[in-house]
Amino acid sequence: MESGQVDEEGNRMVTNNQSNGRFHSDWLSMMYPRLKLARNLLTDDGVIFISIDENEVDNLKKICNEIFGENNFIASLKWKKKKQPSFLSKVAVIMEYILIFARNTSKINKLSVEQLSDSNKPILNTSNKIKTLEFKKGLRCKIEENIIIRTGIYQNKSMSVEFLNDVQVMNGRTQNDFKAISKFRISQEQLNQYIKDDLVFITKNIGFRRDLSESEKCMGKAITDLLLDWGQNQDGSNELKRIFKINDDENIFSNPKPVTLIKNLIKMICVENDIILDFFSGSSTTAHAVMQLNSEENGNRKYIMVQLPEKCDENSEAYKNGYKTICEIGEERIRRAGAKIKEETNADIDYGFRVYKTDTTNMKDVYYIPNDLEQGDLLELESNIKEDRTTDDLLTQVILDLGLTLDLNIEEKMIGKNKVYYVAGNSLVACFDDKIDIDIVDKICECEPYKVVFKDSAFNTDNDKINLEERFKKILPQRANDSGFINIL
């Protein structure tokens, strides 16, 4: 893209090539405000994962230290992104970095993708070599079964326990015959409680272990900073080809991240109702991963994908397949991935999504310098809404203006000849028709709405507007008397 080229809004667009003398500076200038915004959007217990190659990782960490604080740095993961580099490479660079920063590290527990279970509970005193009796590993030892443990001291770095009597099954033995003296981390009182609560186990090595608490199970097994089997770039490309049903020699998007990588990153920190935001969504692997994880865990995680409408090259496979921008590739992938997951798993999760794009206000600019206002301009002020705006545009603006969120359920109903929108049940009721029948008020009031919205052009006179307000007050006085109940565009 040449330096003189501009976008549709007249902004100069420049490709940041490495030959550019300000390459690193321009890149940092692009990243800084985005990271600043990302931090502001994070919840108190939220984290950000940033995938980056070796070219900018040092610079990236510096600005993240400034924005998030050095104390909120968690780790720098090394992800194996491919099996072998180009044979022309001087060094076999096959890793990529994933920096992890938190809004507040004190709110973050262990990062794990694998929960602890019966098969991987830590076994204490594993150095015990006594094998008088061969018990199946993991067999629960109940005191009332009269199993007594042989005399001896079995210890590791954290605990020493002395058990009395030989390992044997003896009739008539009671819990009082099971005696133990413990040191270090586990007190005698704790050990007695484990016995009372039936949390003592016999292992193949005659070990001692206990059940994990729920909080310990949730924390799981910490990941390492070396990610060798979390998928590779080629896996991401193959996934995309299968979804779009294109040939192996075609490439609709370069180097998409594999679903396994993104899914595991989400599992490390996000619970079933969290929101995942991707600032550089590309082909929307993140959305795919969220749906896949929800289907596996019956979760309700939500995603927000953000992508500039970067145009596809007219010679590219994406353009030839009908996708003019990267955004269109992402949208289609979400549709296809959702359909594929539903077909394969029949999981009862939310597969739907909405697409929004940033734009100017729906309202006309009605502020003029008196000398600049001509007689003909008055005719343009007949309506304060721009002519090219749809009812969906107006509804989106109203939802945002009233502090509601764009993921709420929207229901469309016909009341007489008027189209009425219900947002989140009765949180908002809106009608953007140019002519309304005042009788629709009775039907709208049935749901006891918190906010109602109409267009100003729907009222021929001020009396019509006053009559509508009075009718609401008569039918629904407890709501209509509140300030801001009726909103007029």
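In what order do the strands of the open sheet of five strands stand? Reading across that sheet, the order is β16-β17-β18-β19-β20, and the pairing is mixed. Keep in mind as you explore that this is a predicted model.

**The chain as a whole**

- Of the 489 residues in the protein chain, 37% count as buried.
- The protein chain exposes about 29,800 Å², and carbon and sulfur atoms supply 47% of that area.
- Among contacts in the protein chain with a separation of 6 or more, 61% are between residues 24 or more positions apart.

**The sheet of five strands**

- Start with the order β16-β17-β18-β19-β20: β16 (410-415) and β20 (486-488) stand at the edges with a single partner strand each, so one side of each has no neighbour in the sheet.
- On average, neighbouring strands of this sheet are turned by 20° against each other, with direction ignored.
- β16 and β17 (residues 418-423) run antiparallel and are joined by six bridges.
- You can find Ile-415 standing opposite Asn-418 in β17.
- Helix α11 (residues 391-401) packs on this sheet, where it touches β16, β17, β18 (428-431) and β19 (452-454).
- The direction of α11 makes about 35° with that of β17.

**The sheet of four strands**

- Another open sheet has four strands in the order β1-β3-β2-β13, again with mixed pairing.
- Its edge strands are β1 (47-52) and β13 (226-227), each of which pairs on one side only.
- β1 pairs with β3 (residues 95-102) in the antiparallel sense, over six bridges.
- Within this part of the sheet, look for Ile-48, which stands opposite Phe-101 in β3.
- Helix α6 (residues 259-269) packs on the sheet and touches β1, β2 (73-80), β3 and β13.
- The direction of α6 makes about 155° with that of β1.

**A nonpolar patch on the surface**

- Leu-37, Leu-41, Ile-275, Leu-277, Ile-304 and Val-306 form a nonpolar patch on the surface, and together they have about 510 Å² of accessible area.
- Two elements, α1 (23-41) and β14 (275-278), each supply at least two residues of this patch.
- Take Leu-37 as an example: this residue is found in helix α1, and its relative accessible area of 42% makes Leu-37 partly exposed.

**Residues in loops**

- Is Gln-232 buried or exposed? With a relative accessible area of 12%, Gln-232 falls under the 20% cut-off, so Gln-232 counts as buried.
- Gln-232 lies in the loop between β13 and α5 (233-244).
- Setting aside its neighbours within four places in sequence, Gln-232 is in contact with Trp-79, Lys-80, Lys-81, Lys-82, Lys-83 and Pro-258.
- Ser-284 has a positive phi of about 70°, although it is not a glycine.
- You will see Ser-284 in the loop between β14 and α7 (285-297), where this residue is buried, with a relative accessible area of 3%.
- Asn-346 is not a glycine, yet it has a positive phi of about 55°.
- The loop that holds Asn-346 runs between α9 (326-345) and α10 (377-380).
- Asn-346 has a relative accessible area of 63%, which is over the 50% cut-off, so Asn-346 counts as exposed.

Terms used: Residues are numbered from 1 along each chain as its sequence is written. This is a predicted model: local features need pLDDT of at least 70, side-chain atom pairs count only at pLDDT 80 or more; totals for chains, interfaces and linings use all residues. Side-chain values use heavy atoms; hydrogens and water are left out. Two strands pair if DSSP finds at least two bridges between them. Contact means heavy atoms within 4.5 Å. Axes are lines fitted to C-alpha atoms, for helices over the stretch in contact, and angles run from 0 to 180 degrees between N-to-C directions. Buried means under 20% relative accessible area, exposed over 50%, partly exposed in between (1.4 Å probe, protein chains only). Accessible areas come from the Shrake-Rupley method with a 1.4 Å probe; for residues, only the protein chains shown count as cover. Patches are made of residues with over 30% relative accessible area and no salt bridge: like charges are joined within 9 Å, nonpolar side chains (Val, Leu, Ile, Met, Phe, Trp, Tyr) within 5 Å. A salt bridge is a side-chain nitrogen of Lys or Arg within 4 Å of a carboxyl oxygen of Asp or Glu.
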